[in-house]
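Subject: Structure handover

Hello,

Here is the structure for your files. My notes on it follow below.

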Amino acid sequence: MNLPKRLQRYIIESQTYSFKKAPAYVKVMAFLYKLVGRKFLAKLFVTSDSCIGCKQCLTMCPNQAIDFRFHNPRRNSKCKGCLLCVYLCPNQAIILPLSTLIGGFLLLFLPYDAFIKELFSLQFSSLSMFLDTLLSLLLWSVGYIVCIFIFGKISFLFSTLPIVKKVRRNQYVAQIYRKIHPINVFPVILPKNNNNLNMPKV
C-alpha cells in the first residue's frame, strides 16, 4: 500500500484529536506525547504475537527508522514518533508493554544523583543550595536517561520471548493491552472522504 506523501505528512502532523474537541484525558496524553513521547515513548513499542512479519511497518516508515531484530520490528535513532507504523499495522501488533510502563514509572524513584556522586566521589558542599540542587537534578536526569535506555533494550529482548507473548494472549491481559493500545491513546483524525487509508480499529 503506497500512501501519497501529503497523506503521510498529514498523519505525522495530526496524530491526536483536535484539542478543542478532545476529552480531557486525550488532551493530557496528547500534550505529554508531543512533549516527550515522540523521542522516547515511541521507541519502547514492541510487537505481540499478532505480528506476522509482513514488514509493512518497515516499508511505510517515512524516516526509515525500523529494522527487524529477532524477527521483531525495532525502532532506531531515526524514529520521530509519528506512530505511522502503529496505525498501519494490519493486526494491531505494535503495543506498549505493561512492563515498560510500570518499570519506567518505578525507575523515577531511584536516587540516581546519589549513585553518581558516590561513584565518582563528587562533592557539592561548597556550592550554594541552588547550584547544589541544580547539579543534583542534572545528575538525576542523566542517570534516569541512561537507566531507561538500558531498560528499553532489556524490555525489547524480553518481549521477543515466546512465553511473554503467550502471557499476552491471556483474556484479561489482552483486554488491558487493548485499552492502552496506542491507537486508543493517540488516535488520529483522517481527512474526510479519504479512501487511501484504512485505519485499523482496536
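The axes of helix α6 (residues 112–119) and helix α7 (residues 129–159) come within 7 Å and cross at roughly 95 degrees. Axes here are lines fitted to C-alpha atoms, for helices over the stretch in contact, with angles running from 0 to 180 degrees between N-to-C directions. Helices (H or I, at least four residues) and strands (E, at least two) are DSSP runs numbered from the N terminus. On the α6 side the contact (heavy atoms within 4.5 Å) is made by Tyr112, Asp113, Ile116 and Lys117. On the α7 side the residues are Asp132, Ser136, Leu139, Trp140, Gly143, Tyr144 and Cys147. By class, the residues of this contact are six nonpolar, two polar and three charged; Ala, Val, Leu, Ile, Met, Phe, Trp, Tyr, Cys and Pro count as nonpolar, Asp, Glu, Lys and Arg as charged, and the others, Gly among them, as polar.

The model is predicted: local features need pLDDT of at least 70, side-chain atom pairs count only at pLDDT 80 or more, and totals for chains, interfaces and linings use all residues. Residues are numbered from 1 along each chain as its sequence is written, and side-chain values use heavy atoms, with hydrogens and water left out.

Ile145 also lies in helix α7. Its relative accessible area is 55%, so Ile145 is exposed (buried is under 20%, exposed over 50%, partly exposed in between, with a 1.4 Å probe and protein chains only). Ile145 and Tyr112 are 33 residues apart in sequence, and their C-alpha atoms are 10.0 Å apart in space.

The second largest pocket has a volume of about 330 Å³. A pocket is an open set of points on a 1 Å grid over the protein atoms alone, where a 1.4 Å probe fits, with protein on both sides within 12 Å along at least five of seven lines; lining residues have an atom within 4 Å of a point. Points are joined across faces, edges and corners, and the volume is the space filled by probe spheres set on them. The lining has 19 residues, of which Lys43, Leu44, Phe149, Gly152 and Lys153 are the closest to the centre. α7 gives the most to this lining, with seven residues.

Most residues other than glycine have a negative phi. Lys55, in the loop between β1 (46–47) and α3 (56–60), has a positive phi of about 60 degrees.

Regards
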